[in-house]
Amino acid sequence: MTRNRSYARITAALLFVVLAAVPMFAAQGKADFSHVVALGDSYTAGWVNGSLNERHQIYSPAAIFAIQTGARLCQPTDSATVDCFAQPLVTWPGIPGELQLTSPSLTGVIATPYNGVPAMSGFARPYNNLATPGAMLFDILNTKGTETTPVTFTQATPFGAVVERGLGSQVDQAVAQHPTFVVAWIGGDDFFLAATSGSAVDCGANPPFFNCMSPVDRFKTQYAAVLDKIIAGAPQAGIVVGDFPAAVFTQMPYTSLIPAIVLDTTLKPVLNNGQPIPLFGIVNGAPAALPLGSTVLLPSATKLLSGTGIPPQLATLPPFNTLPNAGKPLADADVLTPAEQQAIAARITAINAAIKEIAAARNIPVADVTGLFNRIKAGQVNVAGVPITAAYITGGAFGLDGNHLTDIGYTLLANEFIKTTNSAYGTHIPLAPLSRFFQNNDPDTAAAISGNNVMSTIPTFSPEAIKTLEFFKGAPAQPRFRTTTHGDTSTGGEKDTKQQ
Amino acid sequence: MRSFRLLILISAASLAVSGVAYGSGFSIFEQGAKATAMGGAFVATADDPSAIFYNVAGIAQLRRTEVSAGGTVINFANEFRGDPNDTLTSGATGEYKHHTFVPPNVYAVMPIGNNLTVGVGTFAGYGLRTNWEDPWVGRFISRDANVKTVSVEPAIAWQTTDGRLAIGAGAEYRRSHIILDRNNPAYNPFTQRVFDAVNAHLNSDWDSAWGWNVGILFKPSPTWRLGASYRADMTIDYKGDAVFTQIPSGNAIVDAGVKAQLPPNQKINTSINYPATAIVGIAHTVSVWDIEADVTHTTWSRFKELAVNFETTPALSFVRPQNWEDTFSYRLGTNGRVATHWDVRMGLIYDENPQPTEGVGPLLPDSDRTALCFGVGWHNGPFTVDLAEMVLHFKRRSTNGLSPEFNGTYKTDANLIGINLGYKF
């Protein structure tokens with residue numbers, strides 16, 4: 001009898017422990033990562049060195065986040081019923097051809113002169129990573145990839161067709177696949193596309209929306225609309241969003257590398273009485289000396305080499321008189337003036353406030369991307385003691401296009417979203433390891449990558465490189481890049497040579 | 001164009017010494033198979049020639065000329081697991097390359113008259129090796145750290161005619177050699193990867209210093225013994241060479257950039273403050289069993305920093321704070337004279353580690369240790385054979401996110417086998 005009572009007591013105790021343990025486990029992770037979906041733009045898509053291609057898409061912030069939560073990346077051979085994280089993989093050298101470094105200078109940056117092709121266009125379900133290069137909030141809500149009259153940058157590129165494939169907008173496809181967790185770093189191209197076009201003008205009330213910033217009110221409405229669609233369609237899904245670094249223009253090589261002053265061939269300022277000489281460009285519709293603090297956008301560096309922007313009073317003097325375009329003004333779109341920089345920074349600040357307010361109202365955590373870029377700026381980010389800075393080519397954070405990140409940069413970015421998710425949802429997603437970017441830890445990748453660098457040095461940005469560099473600059477009504485150019489590009493250069 | 005700089009951080013980023021070892025820090029307390037089998041609780045027994053190491057007064061008990069030679073075969077099994085919250089080490093694992101260490105010991109003692117005994121011993125009281133298997137995620141901090149010492153100690157001890165009190169002293173001449181090896185990373189803008197740019201190999205000469213030690217043994221009754229010994233601290237100044245070897249990146253431009261910044265091979269110097277060790281113990285005999293309990297105090301707080309000076313390129317000089325703390329270890333051992341020619345032995349050890357959490361790293365992931373020891377002794381006429389087995393477990397040690405550069409958890413176990421052969425003339 002006594003013994004039986006003891007057993008009963010022990011059983012009750014065990015039962016209590018088990019019951020108590022269940023909610024404890026649940027509390028360890030209030031998020032379900034069994035089906036992660038990402039919305040966004042070129043950053044979330046994994047755009048590196050001016051290109052979307054599979055060598056870097058596997059390190060897209062969305063892919064890194066999903067892998068760290070336990071997902072496997074889909075391979076082109078996978079069927080749509082396989083449980084994996086699907087991305088719109090594009091074969092190397094990507095769309096457009098990936099920029100490569102042949103020597104450590106601006107002129108050593110060249111583009112691989114052919115494009116890759118989508119490798120998973122027939123994948124029979126929406127991609128988990130729906131991030132689409134150039135996607136404004138308008139696109140995330142509306143663009144399906146079948147638009148015949150483009151009204152946005154994304155619609156003017158192949159990427160709507162590559163990513164959305166006519167299956168619905170980003171947000172509709174996200175909801176349709178019943179996500180359990182959504183990573184949505186969205187809204188960046190509502191200011192970024194203007195900035196990379198040397199512009200700070202607001203978009204009008206109705207499309208088209210080219211080279212312009214979304215007004216704050218519309219940003220708020222559309223941002224909330226995206227989140228509310230996800231919440232309505234997937235009420236159980238966890239969500240994480242992110243802010244935008246307002247000081248990015250003082251760090252990003254694309255907008256900060258080249259000051260709008262007369263430079264010598266080594267890009268050092270030419271001084272007159274100890275003062276730099278401002279370049280000459282179109283300001284408020286008329287040619288004038290560019291205000292101090294203006295910057296020349298990276299792709300326009302080549303124009304400088306031919307003399308464009310050299311003030312007329314210097315154009316007849318040696319050595320400038322040998323330059324064919326000396327005395328001609330830089331276009332408005334080549335330059336960000338301080339007024340434009342300030343207007344964009346102010347817009348980002350307003351957007352960040354809006355994001356925090358809209359997210360807070362929906363109990364959605366906001367990743368501190370601003371904090372990451374502040375740490376990079378402060379020299380507080382390193383890999384095994386190697387500092388990761390915003391410096392062009394050598395810094396490690398930004399790729400050769402100067403306005404997107406490297407694989408290392410995207411890993412750091414993804415880790416901000418992981419940290420925020422862990423802290424808000426009580427999860428324990430391990431941070432993505434930077435050690436995978438130790439060259440010697442990854443000999444196959446290293447060999448593949450270094451094998452790409454057997455290109456001869458050319459004297460300046462090649463036309464293809466400029467086209468790539470200018471990808472986010474301005475926006476035509478015509479697609480700039482076709483999705484296929486040379487047919488099967490999987491064997492790269494060899495095929496190309498044969499065709500010649 | 002902004003200048004193109006490959007940042008080769010050969011400097012401060014690190015190169016600390018510490019010790020992985022077998023007694024806390026990098027001391028090696030296993031210098032005789034009998035003592036090892038008793039968990040090192042031997043200061044109040046000290047009745048074989050290894051007393052030169054454990055308690056020099058003990059050799060006064062040895063009234064015949066005796067020699068003993070042996071070694072301790074040490075094997076490690078370890079594992080590093082990266083911290084999921086450290087973006088460098090997350091998901092990474094590592095382990096040591098397999099090495100078998102055999103610190104040797106040789107002792108000889110000779111009584112002179114009725115009360116005096118002189119002796120000489122050689123042993124390796126300190127040492128460590130942490131040599132990580134490639135590709136090791138921590139190789140930019142340390143690939144290989146190797147500290148070797150060998151000591152020679154002439155000793156003398158005197159006991160009262162009734163044998164109840166003995167005192168002794170020794171002079172220790174310690175020679176030591178250090179190797180520190182790591183790779184230095186840089187960013188390759190062509191691959192946008194971090195690569196191993198330069199191997200830095202610091203190799204000291206065999207440098208030396210003198211120290212001293214004293215001991216006392218008191219037997220208040222036939223069944224009780226008290227012992228104490230003190231081995232003074234020591235500082236060894238090392239001179240050596242730094243050799244920088246470029247590691248090809250596969251890209252000629254990058255390699256040229258690295259080569260242009262490769263420092264010349266050059267002379268270096270450093271010094272290591274070795275601790276003082278004080279031991280007190282009490283032993284009691286019950287029937288055939290001798291039971292001893294010891295406490296050891298080691299002044300590891302002397303190991304405040306590791307500073308390496310580079311003579312040609314002073315900018316490479318670095319100081320690594322260690323900030324170790326003094327430690328105690330607790331030892332319990334027994335020897336049973338169970339048969340005419342046979343003894344059996346057992347021991348238990350708890351050994352505190354001196355290393356602050358933030359200092360735990362690839363150079364020395366030290367940890368509190370526990371050990372279980374067994375052994376047998378066989379003696380017949382002039383011959384003695386002692387065997388010891390020690391199972392040494394290091395408590396799992398995590399940096400708890402406190403390391404400024406390399407977080408993770410270290411698990412270490414070691415197995416030690418001691419053997420000594422003795423002969424009495």
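## Domains of chain A

In this predicted model, chain A is assigned two domains. Domain 1 is made of two segments, 36-247 and 338-487, and domain 2 covers 254-336.

Contact between the two domains of chain A involves 20 residues of domain 1 and 17 residues of domain 2. On the domain 1 side, the elements that give two or more residues are α14 (338-361) and α18 (463-469) of chain A. The most comes from α14(A), with three residues. Sorted by class, this side of domain 1 of chain A has nine polar, seven nonpolar and four charged residues.

## A parallel sheet in chain A

Chain A has an open sheet of four strands, ordered β1-β4-β5-β13, with parallel pairing. The edges are β1 (36-40) and β13 (366-367) of chain A. Each of these has a single partner strand, so one side of each is left without a neighbour in the sheet. Strands of a sheet pair through backbone hydrogen bonds, in either a parallel or an antiparallel arrangement.

Val241(A) has Val366(A) in β13(A) as its bridge partner.

## Confidence

The predictor assigns the complex an ipTM of 0.86 and a pTM of 0.86. For chain B, the average pLDDT is 91, and 94% of the residues score at least 70.

Residues 1-22 of chain B have a pLDDT below 50. In the model this stretch of chain B has 90 contacts beyond near neighbours in sequence.

Note on methods: Residues numbered from 1 in each chain as written. Chains lettered and ligands numbered in written order. Predicted model: local features only at pLDDT ≥ 70, side-chain atom pairs only at ≥ 80, totals over all residues. Domains from an automatic or database assignment. Contact = placed C-beta atoms within 7 Å. Nonpolar A, V, L, I, M, F, W, Y, C, P; charged D, E, K, R; others polar. Pairing = 2+ DSSP bridges. pLDDT = per-residue confidence, 0-100.
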